[in-house]
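These are my notebook entries on one protein chain. I record what I looked up, entry by entry.

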Amino acid sequence: MDESVEAETQAERAATGAAEAVEAEAGSTGAGATEGGAHEAGESEATEITYDEQLYPARPRRLRPRANLRGGSIRRTVSDPRAANGLNPAYVQWLVRQSMLKDADVLSRQLSGSPSMWRNPYARPDARRAVATSDVWFTAYPISLITRRDQSFLAALADPELWAAFQRIGINGVHTGPVKRAGGIRGWQETPSVDGHFDRIGTQIDPIFGDEETFQRMTDVAEEHGGVVIDDIVPGHTGKGADFRLAEMAYKDYPGIYHMVEIPPEEWHLLPEVPEHRDSVNLDAATEASLAERGYIIGELQRVIFYAPGVKETNWSVTAPVVGVDGVTRRWVYLHYFKEGQPSVNWLDPTFSGMRLVIGDALHSLGDLGTSALRLDANGFLGVEKSAEGLPAWSEGHPLSHAANHVIAGMVRKVGGFTFQELNLTVEDIRDTGAVGADLSYDFINRPAYHHALATGDTEFLRLTLRTSLELGVEPVSLVHGLQNHDELTYELVHWATLHKNDLYPFRYQELTGGELAELIRSELVEKLTGPSADYNLVFTTNGIACTTASLIAATQGHATLDSITEADVPAIRDAHLLLAAFNAWQPGVFALSGWDLLGALTLPRADVADLIADGDTRWIERGAHDLLGVAPDQERSASGMPRARSLYGALPDQLTRRDSFASGLRDLLRIRSKYGIASARQVDVPDVAHPGMLVLVHELEALDELGLPIVQLTVLNLSTDAVDGTVRSDALPLGAAVVDAGDDTEIATVDNLSSFPLSIGPYGVRFLVLRRPAPLEA
């Protein structure tokens, strides 16, 4: 027998066969055991030859039928039934039953050979098809939603009253956020999530959010109100659940799920000790380099996400010694782009275990749960490769990421769904990944730029990001334009700070390199939104700023503390909030907003979440609990324990009775968006402006005018606090066209021979303009 096959056979016997041994030992007091025992006891006293001795005169006792049936000495290994290690078959099988890989194998077999797998096109992303399915999304955050007493998160999202409110506003999709089991397993106990349930450990719905039946009811209620439900998968990593624990034990092909390398005992002196209360520690840069020099790992990557001295200095961590199912004690070094509790999935292992796990998770959401789309979290980090000596490993923009995304997105399209990716890389990476992968991408390109425009009253950088996106082939229709979500205001500005750091850009009457530009924008955001300017917004590592949309606006309006924001200040914050909503909603693509946006939530006082931010994750201040329907006015925390955030706007039912509320203003914006079909339009120009606070976006709608030509639409915004009397000019404007304000259908100007027209717009003003071409002159 081949040595590798023999080794695998021995390992399987030690793991799965031992389970049978436990059952055999447990049954040793039964009739079978008594019969065998009597036979062996009487064997030395027998005076006549037995049947066995006659038939098998030379067979050793260990090979006789009864001994063979009982499995031999290897299956009689005694283990503590309470032990949480690889030598306890009960523990191993308990982990297997919970593993995502096991579930994926079952789910995939159910669909194999089904005709439903051939009914949908799947090769190419289709942003317009995705937008046509759902174009205005509510992005939920499970642990922050306040519900009725004894009502689960999913039951709250299945509430027809909530969907009726969404339908009145114009919301036709709900992104649930991650609701499946997450966190880890230590021994026989589950440990909590380390990253807001983005460290998945199971395909089952986490009981703290509801159950699978409730999820399915939610999708039915959504459909009744013209909406869809969007779920998450995490193709880049898992938590430290059953799959990771089985991988540590070298059980079957589970190690193939992860980027993990076994370090031989003779090299353990290179590894740091793991304290007793922990299961792994992060490697420092010196240890990372030492292991890379010896060929164990590929070493330094292009950047360390969530870098924090003494907490995460590299992307690699090492486990404590772990006893495997074969009795061998191992230590592993494993890759994690994000937190230590989020081991990275290996998409090019010969077992393809990681791919099977992720695809199985996706099929469960689309098939069993009934979702229409999936968000791909951290999907740009699926390939790593050793680079030339002295250079960091290739870990961003890798072709394997593109290939893996093509597989995931293709599978989702094949069963009738669509995907969107949250990918904070260069514009080229977003374009190339989206060319074959996800149908839509989160708008990391313009998100920090429009915040910067509001903070400075100057749209120059925003116009640069919009134009760069167009020039490099990322059309707005392929983007999810969002207000606040669960993450920080990201200001890494990866496009300018990395690939284009040495390119020159005109900015403020001078030329700056991309690196200088990124640093300037970051410094201005930090100065205007945090610190002495606003002590309620906090910097989050090197990634960005923890804030809500309302707290960001409050900072730009000069509020240094939360207590300084009074009821009299709410209208100005609301108007700026509607301005930012108009920027995101009045352009092609998906518009997304959260409960924090709908209610005007402020950040939490840091003392309220001191334990959650103790390790440096300041994002918890922006994730305050909120009550959308006002069903629990006296409840100060969500069911998950998040403290209630201060809401400036009030619950939705109350807002929808007032014409001057944020929700009513949002409804008006979205009604215009829907009427003119801006979601599927084509952006053709981002022209220069007469005032630094102005922004003009020129679009061609899919609808045709009486001449059979695309209708031209303009989104005109004023991101400053000054009233502006200016001129709008663009070569894309048809000469002689009448300029009509879609808000009241009044004609306000005519495009002159310079392709321009005059326009007045107030502070935080928004105008949705439609151009009507003049009728052709009769011959």
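Predicted model: local features only at pLDDT ≥ 70, side-chain atom pairs only at ≥ 80, totals over all residues.

**Entry 1: a pair of helices**

How near do the axes of helix H16 and helix H20 come, and at what angle do they cross? I found that the axes of H16 (residues 447-456) and H20 (residues 549-556) come within 8 Å and cross at roughly 30°. The crossing of H16 past H20 is right-handed. I then listed the residues in the contact: H16 contributes His 451, Leu 454 and Ala 455, and H20 contributes Leu 552, Ile 553 and Thr 556. Sorted by class, the contact of H16 with H20 holds four nonpolar residues, two polar ones and no charged ones.

**Entry 2: another pair of helices**

I next looked up helix H6 (residues 100-111) and helix H13 (residues 353-368), whose axes come within 8 Å and cross at roughly 60°. That angle makes H6 oblique to H13. The crossing of H6 and H13 is left-handed. On the side of H6, I listed Met 100, Leu 101, Ala 104, Asp 105, Leu 107 and Leu 111. On the side of H13, I listed Ser 353, Arg 356, Leu 357, Gly 360, Leu 363, His 364 and Asp 368. In the contact of H6 with H13, I recorded seven nonpolar, three polar and three charged residues.

**Entry 3: the barrel**

In what order do the strands of the barrel follow one another? I read the order as S1-S2-S7-S13-S14-S15-S16-S22; these eight strands close into a barrel, and their pairing is parallel. On average, neighbouring strands of this sheet are turned by 30° against each other, with direction ignored.

Helix H13, already met in the contact with H6, lies across strand S7 (228-233) and S13, and it runs at about 165° to S7. Helix H14 lies across S7, S13 and S14, and it runs at about 145° to S14.

Is Ser 395 buried or exposed? I first located Ser 395 in the loop between strand S13 (373-377) and helix H14 (399-414). Ser 395 has a relative accessibility of 1%. The cut-off for buried is under 20%, and Ser 395 therefore counts as buried. I set aside the neighbours of Ser 395 within four places in sequence and looked up the remaining contacts. They are Leu 301, Gln 302, Tyr 337, Gly 380, Phe 381, Gly 383 and Val 384.

I then looked up the pairings of S10. Strand S9 (residues 280-282) pairs with S10 in the antiparallel sense over three bridges, and Val 281 has Val 318 of S10 as its bridge partner. Strand S12 (residues 329-335) also pairs with S10 in the antiparallel sense, over three bridges. In S12, Leu 335 stands opposite Trp 316.

**Entry 4: the open sheet**

I found an open sheet of six strands in the order S23-S24-S25-S30-S27-S28, with antiparallel pairing. Which strands are its edges? They are S23 (682-685) and S28 (746-750), each of which pairs on one side only. Neighbouring strands of this sheet are turned by 35° against each other on average, direction ignored.

Helix H17 (residues 460-471) packs on the sheet and touches S23 and strand S24 (694-704). The direction of H17 makes about 35° with that of S24. Within the sheet, strand S25 (residues 710-718) and strand S30 (residues 766-772) pair in the antiparallel sense over six bridges. There, Thr 715 has Phe 768 of S30 as its bridge partner.

**Entry 5: the chain as a whole**

Finally, I looked up the totals. The protein chain has 24 helices and 30 strands. It has 779 residues, of which 57% count as buried. Among its contacts between residues at least 6 apart in sequence, 71% join residues at least 24 apart.

Key
Residues numbered from 1 in each chain as written. Heavy atoms only, no water. Pairing = 2+ DSSP bridges. Helix = DSSP H or I, 4+ residues; strand = E, 2+ residues; numbered from the N terminus. Axes fitted to C-alpha atoms, helices over the stretch in contact; angles between N-to-C directions. Contact = heavy atoms within 4.5 Å. Buried < 20%, exposed > 50% of the residue type's maximum accessible area, 1.4 Å probe, protein only. Left-handed = near helix turned anticlockwise from the far one by under 90°. Nonpolar A, V, L, I, M, F, W, Y, C, P; charged D, E, K, R; others polar. Parallel < 35°, antiparallel > 145°, perpendicular 65-115°, else oblique.
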